[in-house]
Each structure stands twice: as structure tokens, then as C-alpha cells.
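Please have a look at the model first.

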Protein chains: 2
Amino acid sequence: MTTPPTHNAAAAPLAHLAENSDAAVTRLIDLLKIPSVSTDPAFKPDVDRAAAWVADYCAKLGLSVETRTPNGGHPLVIATTPDALVAPGAARRVLFYGHYDVQPPDPLDGWTTGAFEPTVRDGKLYARGASDDKGQVMMFLEALKAYRDTNTLLPCHVTVMIEGEEECGSISLPAFLEQDAALLKTGSAHDTVCVVSDTCMWDANTPAITYALRGLVYFDIKLHGPSRDLHSGVYGGSLANPATQLARVLGKLIDDDGHITIPGFYDDVAPITDAVRDEFAQLDFDENAFTADVGATPFGEKGFDTLQRRWVRPACDINGLYGGYMGQGAKTVIPTFAGAKVSFRIPADMNPGKVAQQFTDWIQSHNVGGCRWELENHGEAWPVAVSNDSPWLAAASRALESTAGKKPALVRDGATIPVIADFKNQLGIDTLLIGFGLNSDNIHSPDEHFALDRFHLGCRTHAALLAEVGAMG
Amino acid sequence: MTTPPTHNAAAAPLAHLAENSDAAVTRLIDLLKIPSVSTDPAFKPDVDRAAAWVADYCAKLGLSVETRTPNGGHPLVIATTPDALVAPGAARRVLFYGHYDVQPPDPLDGWTTGAFEPTVRDGKLYARGASDDKGQVMMFLEALKAYRDTNTLLPCHVTVMIEGEEECGSISLPAFLEQDAALLKTGSAHDTVCVVSDTCMWDANTPAITYALRGLVYFDIKLHGPSRDLHSGVYGGSLANPATQLARVLGKLIDDDGHITIPGFYDDVAPITDAVRDEFAQLDFDENAFTADVGATPFGEKGFDTLQRRWVRPACDINGLYGGYMGQGAKTVIPTFAGAKVSFRIPADMNPGKVAQQFTDWIQSHNVGGCRWELENHGEAWPVAVSNDSPWLAAASRALESTAGKKPALVRDGATIPVIADFKNQLGIDTLLIGFGLNSDNIHSPDEHFALDRFHLGCRTHAALLAEVGAMG
């Protein structure tokens with residue numbers, strides 16, 4: 001196997017990373033102990049504590065650190081290399097973006113060990129956030145630390161931006177970008193590339209660069225009915241039960257062919273070109289293995305295969321249902337309200353604001369017998385599709401090949417990182433998505449974990465990438 | 001106003017009840033403090049405690065008490081008058097049926113004062129079970145106490161049967177009736193009448209005798225999907241989301257005209273005769289006031305009015321929805337399961353076992369993309385329709401007119417009391433439903449209450465009824 005030599009500038013940091021890998025894991029464990037669940041107000045003090053931890057760590061790396069709370073949301077940590085740390089004449093800047101917030105740990109009884117009691121088993125670190133995204137954030141910070149600890153000047157300027165609202169829609173980011181864009185770049189946007197490690201490898205042995213993401217629209221829809229819970233015998237059949245009506249309306253959202261029924265919903269969805277079909281076919285994706293891995297079978301929109309459904313077709317999911325009696329046994333009640341969490345993943349060319357409006361209009365078009373909707377928009381994010389043949393991507397490809405010993409796959413992802421589109425639209429900055437997760441990492445579910453060998457591969461790759469970007473001149 | 005004189009035999013007990021009303025309320029408060037929630041295993045010790053309280057009270061009244069736990073369920077308390085308490089030559093027997101178990105207090109934050117901290121406000125006693133059914137059970141026991149305290153022999157034999165599973169489907173009753181029917185009657189079934197106080201007055205000033213009830217079929221249906229919670233971006237669209245599929249199936253259960261779509265569901269529903277139409281019309285029921293009282297408007301099966309929908313038409317209600325993320329904010333998860341509590345109220349001539357089978361078949365007829373149903377049957381109860389011109393009913397009517405000063409309305413009720421059909425089918429015993437609740441008592445919901453004047457009216461009525469039954473000879 002011939003792999004390109006690692007760029008010289010990264011030699012000492014790479015050697016240092018190899019020799020000090022255990023200490024890096026210990027630092028990650030420290031951060032993982034903080035239950036920084038951003039979507040639940042009960043965890044607010046922990047979210048603040050995680051932000052402070054990250055800010056403190058960046059300061060220890062010699063970076064100039066600023067913390068912002070635009071709109072009073074969760075803190076954004078911005079850390080920038082002072083010129084003294086950067087090689088003279090360096091022209092490029094890496095803007096590393098990640099998030100220190102995590103998904104809720106529910107359901108709690110699904111965890112083998114506590115979600116916030118990080119534990120290593122069989123070479124894997126188990127904790128909420130291990131893979132998404134604290135583990136992947138720390139890879140980059142560890143790369144910086146390796147340059148620092150070996151007194152190696154950084155081959156490029158670096159800005160680190162770690163936010164605390166990624167898991168709840170990055171609500172404050174637009175305001176931040178409007179007010180504080182200057183913090184994120186110096187000189188031309190074309191000299192800056194955003195680097196994100198919040199995606200997956202193609203498989204455990206094959207690195208990947210992701211060049212497209214779906215956007216997201218997320219609603220909490222609550223249907224209010226009678227002024228109090230009612231006896232379903234006395235009242236059953238005589239007035240609108242909000243749980244029944246909610247189900248009746250949601251039941252119409254997707255037809256038996258898996259199509260979303262909202263009028264005009266597919267208007268902006270691009271047809272799948274032959275080129276895309278070929279590209280996907282070359283990946284040799286095993287859709288049965290993919291779904292069997294989570295105890296399921298391929299199922300979805302008729303006329304499309306699994307990769308198409310995940311990457312270039314919209315999806316609608318009910319993420320939660322609640323209302324009425326949810327305990328053990330029976331309670332014969334007509335509840336005063338019932339609700340659902342409903343989200344849409346939208347591929348390139350769809351507009352999240354338009355989808356939100358279409359869904360709102362559709363929901364309100366039904367006769368629900370006098371019940372009243374309360375719709376709460378929990379965030380809209382644009383889809384992303386970046387060029388897959390840029391010089392940035394070539395540099396990242398070289399870095400990955402040098403550390404992983406294998407050319408990266410060029411892939412898409414069905415998930416969403418809200419900020420990427422904002423970086424492009426508002427700052428003109430392109431993004432490289434270089435992630436080290438795997439779908440089997442259980443992100444967003446119990447027993448989330450991150451294999452330590454992938455964590456260390458990520459640390460090395462970021463060290464190499466800084467050198468490759470610096471070498472672009 | 002001319003009302004019939006109270007039967008002489010009840011004169012002393014009635015006077016005693018009037019003089020000792022506060023002490024009766026104190027005793028009821030004692031019982032209401034026990035959170036005997038039968039459907040939730042967590043409350044099992046409290047259920048047992050309530051059973052013991054009732055048994056102890058019956059023993060203090062001089063009754064012979066037996067406690068049975070058929071099938072290991074919640075205790076059934078059976079108490080019988082020894083001959084020494086009964087007037088010589090008395091031929092009739094009143095079998096009083098009630099329940100000491102209560103509905104769950106959820107949602108807890110809807111209560112002004114604690115569900116199990118009974119509180120009197122404005123002449124109303126607030127607590128879970130105040131009206132359904134502890135308050136109404138105690139009316140009968142207080143009537144017995146008044147006979148006892150005044151050394152008045154009872155004009156008829158009495159058996160008291162207070163169960164602890166009414167709110168969870170009276171699961172153990174069939175086994176009890178099979179094994180212990182002899183405890184409930186002596187001699188001919190035609191000499192015995194069952195009396196139940198678990199229904200409503202027509203309005204706050206008009207007593208009622210209820211002669212028909214709907215039956216009940218109650219399921220917890222749970223749809224299992226992927227083996228773990230999944231990230232809805234990575235997996236969304238590519239496999240069956242159980243929350244989405246559950247809503248899709250439930251959404252088909254009732255069409256836009258309010259008809260239940262299960263094939264054959266209406267086959268056994270009797271058409272509404274002109275006689276029934278006339279009977280309902282004479283009640284002068286205000287459907288708008290009825291629904292406006294709970295912040296709603298009339299809504300339901302097309303082609304029927306509110307009384308018809310409540311009393312002689314089946315109804316299907318979703319009593320609860322659960323699954324996925326139910327907390328604050330957003331979590332982009334495809335849940336591993338989602339579920340619903342689904343119940344049917346069925347009028348006379350429908351068969352609960354048949355409905356359960358039809359529903360089960362219907363649920364399983366849908367393509368849910370490889371998800372797996374777990375159906376739990378939480379109880380089936382037959383509907384009831386008894387004769388509305390029997391001598392028993394005439395006796396009850398006289399008792400009510402004497403205590404309430406007004407002829408009772410003859411009505412139906414949409415709710416269910418599982419045991420009534422069993423008494424008729426297995427023991428040949430007819431039932432008198434004489435209740436003192438009101439729909440505004442908030443039974444099954446927060447701030448359940450019972451007006452003390454109705455409680456005292458119930459005590460007096462039962463005292464009078466015993467005399468009327470005795471006088472039937």
C-alpha cells in the first residue's frame with residue numbers, strides 16, 4: 001500500500017499524539033461527565049459548565065477566547081490563534097466548528113452504564129456525547145495541543161467555534177453571525193475553510209468526506225381539546241377527543257406509498273440524475289445490512305432505494321407522541337390535550353421556511369371538531385451541498401489518506417448541521433465535513449460510544465490537515 | 001309539592017342521618033386519604049389498605065365480613081347482615097355493589113389541593129374518589145349505620161360487595177362470581193336486587209335512575225420498531241418509524257364522518273327506534289350546554305345527536321399516546337417503540353369479545369414496514385340494558401321522590417360498570433342504578449369532587465330505599 005507521506009510540518013505533533021493518547025482520553029472523559037443537554041432547561045447550569053470547560057481548555061492551548069451568548073441562548077465559545085502561534089506567512093485559516101451540547105439521555109434505562117459516567121469497554125468509550133460531538137470536538141483540540149506541546153508553529157491560522165445549541169436547532173447562530181462575523185474570519189473568505197467533525201466514516205476502515213447534508217424543520221404540535229380531562233364513558237363520542245383527532249390528522253401525513261401528502265411539498269425536490277445514481281451505485285451500499293443492523297428492514301417512499309431515501313429524498317418522522325394516560329394499565333380518559341414532535345429532513349433545493357409554512361397550513365386545514373392547535377417551531381435548518389472537487393477537499397483527502405492509509409469515500413449524509421448553510425450563505429465560507437463516527441455509535445440513543453482508535457485517528461488527521469491546508473499557500 | 005311520605009320503617013334512621021351528617025363526612029374523608037389506584041402496581045399496598053378499611057367499617061356495622069382475592073387480584077369485600085339485624089319475615093335482599101378503587105390522579109398539576117388530601121370548599125368535598133365511587137359507597141354504608149345506631153331492624157337482608165378493580169376492568173369478578181356466587185344471594189334471585197350508586201343525577205335538582213350502560217373494550221397497543229432509538233437524520237425515510245406508523249394506522253380508525261372503519265364493527269348495533277327517539281326528546285337535553293360546560297362543541301358520528309352518540313352509539317377514543325421524546329424541546333429520534341391506549345364504548349347488543357377480535361384483526365391487517373405489534377387487552381365489559389318498568393324500579397322511584405322531593409328521570413349512561421351484566425347473566429339478578437354524581441364532578445380528572453348535599457341526599461335515599469324494598473313483601 002502506498003500512501004502519501006504526511007506533510008513534514010505535522011511530523012512532531014503526530015509523534016506526540018501517538019505517545020500521549022491516554023491523556024487525551026482522560027481529558028475527553030472529563031468533558032463527557034458534564035450533562036450539557038441543551039434542549040431541556042433543567043440542564044442549563046450544566047450547559048454553561050460545559051461551555052466554561054471548553055473555553056478554559058482553549059485558553060490553556062494559548063488561544064484568545066471569547067464567549068458570546070447571542071439572544072441569551074447557550075454560550076458560544078470562539079477561540080483564535082494569536083499570531084505568535086502561527087508560522088510566519090501563513091495565509092489560510094481553518095475555522096473549526098463543533099458543539100459541546102448533547103442530546104437528552106432518554107430513555108435512561110437503556111444505558112449499560114450512566115450516560116454521564118463515561119466508561120471504556122472493549123476499546124470503546126461509552127457516554128452521551130462520546131461521538132456526537134464532544135469526542136469529535138476534542139480530536140481537533142488535541143491536534144492543536146500537539147502542535148503547542150511540541151512547540152511547532154501552526155501551519156495556518158485557526159479559529160475554533162464551539163456552540164451549545166446544535167442539538168436544539170442552533171437557534172442563536174444567525175444572530176451571532178450577524179453581530180460577530182468578524183470574529184470568524186480575517187481577510188478573504190476564500191482563504192478560510194470551515195472544518196466540521198460531526199459526521200461518519202464510510203465504515204470502520206474507510207474514512208469519508210461528506211459533501212451534502214439534509215436540512216431540518218422540527219415542530220412540536222399540540223392539540224387542545226376539552227377544558228379538563230373527561231370520563232370517556234360519559235363523554236365518548238359526543239365531542240372531539242384531541243388524542244383521537246391528533247392521530248387522525250397525523251395519520252393523513254404519509255400515504256400508504258410513503259409519500260408525504262402536504263400539497264406542494266415535493267415541488268422543490270430535485271429529480272435524481274443519472275450521475276447521482278451512478279455515484280451512489282459505486283458506493284456498493286448494502287441496504288439490508290444497514291437496516292438489519294438496527295433490527296429493521298428497508299421501508300420508505302415507494303420508488304426509491306435506501307441511499308436515495310436517506311440522502312436525496314425528504315423524510316417525515318414523528319419523533320415523539322404524548323398525551324392522556326401514559327402510565328401502566330388503563331385509564332378511561334378523554335385528555336385535555338395531546339401532542340407530537342414532528343420533523344422533516346429536506347434535501348438540497350428545499351427551503352425550510354417554505355416547508356414550515358406548508359406544514360402549518362396543512363395542519364390547520366383539518367376539521368378537528370373545535371380543538372385548538374398550538375404549534376411550536378423548534379428550528380429550521382437549510383440543507384447543504386458543497387462542491388466535491390475543490391482544492392480544500394483535495395487537501396482533506398490527502399490528510400485522510402496519510403493517516404487512515406486509505407482514500408476517503410465521498411458521501412452525503414441524511415442528517416443536519418444547521419450552521420453549514422449559514423457559513424456559506426452569510427460568510428461565503430465552504431465547509432469540509434470530516435467525521436470519524438459510525439452509524440453504530442448509538443448517537444441520540446442509549447449506550448452512545450466512540451471507539452478510541454477512531455478518536456485517535458481523528459486527532460492525527462486534524463494535525464495532518466492543518467499542515468495540508470498550510471501547504472496550500 | 002306533594003311527595004309520597006317516607007316509609008315508616010326509615011323514620012328513625014333518617015332523623016339520625018340528619019343529625020349526624022358531619023361525622024359521616026369525616027369518615028368519608030378518612031377513606032379518601034388512601035390512594036387506592038388499582039391500575040398501577042405501585043399503589044398495591046394502598047389498594048389493600050383501602051380494602052381493609054372498608055372491611056373494618058362493615059364489621060363495625062355488625063355485618064359478617066369476608067375478603068376474597070380471586071386470581072390474586074385486588075381484594076373484594078363481601079359483608080352480609082346477620083339475621084339478628086333484619087326484621088323478622090323480611091323476604092327481600094339488597095345486594096349493594098360499589099368499588100373502593102380509584103382512577104390515577106394524573107395529571108397531578110391539575111389539582112387545586114392534593115388528590116389524596118380531601119378538602120371541603122364551598123360545600124364540595126375535593127379528592128380522587130369523592131364522587132367515583134368512595135363517596136357513593138359510603139352513602140350506603142352510612143344508611144346501614146343509621147339503622148344500626150337507632151337500633152332499627154333492617155327491613156330487608158343486605159349484602160355489600162365492594163371491589164377494588166372497577167377502574168381496571170373488574171378482571172377478577174368473573175372468577176369470583178363462579179366460585180363464590182353463594183355469598184351474594186340466599187334463596188331466589190328474584191328476591192334480590194342489586195343496587196349501585198356509581199352514576200349521575202339528571203341535574204343538581206333532579207334525581208335519576210339509570211337503566212342502560214355501554215360496555216367497554218380497552219387495549220394498550222404498542223408498536224415496536226428498530227432495536228434502539230435512532231438518529232432521525234441518518235435513518236429518516238429508510239425504515240419504519242413506529243411512532244409514524246402508529247399514527248398512520250390510528251389515523252385510519254375513524255373517518256372524516258366520525259364512523260369507525262373496522263369492517264363489521266356496526267353489525268350488531270341496534271337501529272334507533274322511534275320510541276327511543278321520543279324518550280330522548282322528552283328529556284329536553286341541551287347538547288350545547290353539555291359540551292360548552294367542558295369547553296367543547298358537539299362533534300362526533302355524523303347523523304346522530306349528542307344523547308344518541310353518548311347512549312346508544314359506539315364510540316372509540318384514544319385515551320393516551322406515548323413514545324419517543326416526550327420532554328421539552330426537540331430530540332431528533334426515531335423511537336424504538338410508540339404506543340396508544342385505545343378504548344371502545346359499546347351500546348346494548350354489541351359483544352365486547354367480538355369487538356376486541358375485530359380490532360385486533362384490523363390492527364394487524366396494516367403494513368407497518370416490519371414493525372411488531374404488542375397488544376394488551378385491559379378488559380372487556382358487556383353493555384347493560386335493564387327493564388325500565390319493574391317493581392324494583394318503582395320502589396326506587398318512590399324512595400327518590402320521598403328524599404329528593406321530585407320524581408327521578410329515567411335515563412341511560414354512556415359509561416360502563418362491568419359487573420352489572422355479570423350479575424344478570426350469571427346470577428339472574430337485576431340492578432338498580434341510583435347515582436348522585438354529576439358530570440361536573442370531574443371524575444377521572446383533576447379536582448374530582450362531590451357536593452356534600454348530594455352525599456347526604458344519597459345517604460337518606462338509601463335508608464328510604466331499604467324500607468321501600470322491605471315493603472315490597
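The face of H3(B) turned away from its buried side carries Pro45(B), Asp56(B) and Lys60(B), which are exposed, meaning that 12 or fewer other C-beta atoms, placed from the backbone, lie within 10 Å of their own, whereas a buried residue has 20 or more and a partly exposed one falls in between. This is a predicted model, in which local features need pLDDT of at least 70 and side-chain atom pairs count only at pLDDT 80 or more, while totals for chains, interfaces and linings use all residues. Residues are numbered from 1 along each chain as its sequence is written, and chains are lettered from A and ligands numbered from 1 in the order in which they are written.

Helix H3 of chain B covers residues 44-60, helices being DSSP runs of H or I with at least four residues and strands runs of E with at least two, numbered from the N terminus. The buried residues of H3(B) are Val47(B), Ala50(B), Ala51(B), Val54(B), Ala55(B), Tyr57(B) and Cys58(B). They lie on the same side of H3(B) because they cover an arc of only 160° around the axis, taken from the directions from the helix axis to the C-beta atoms. Just after H3(B), Gly62(B) takes a positive phi of about 90°.

Turning to the two chains, chain A can be laid on chain B with an RMSD of 0.1 Å by a turn of 180° and a shift of 0.0 Å along the axis, superposing by least squares on the C-alpha atoms of residues with pLDDT of at least 70 in both. That is the relation of a two-fold axis.

Methods. Expected span 1.5 Å × (residues − 1).
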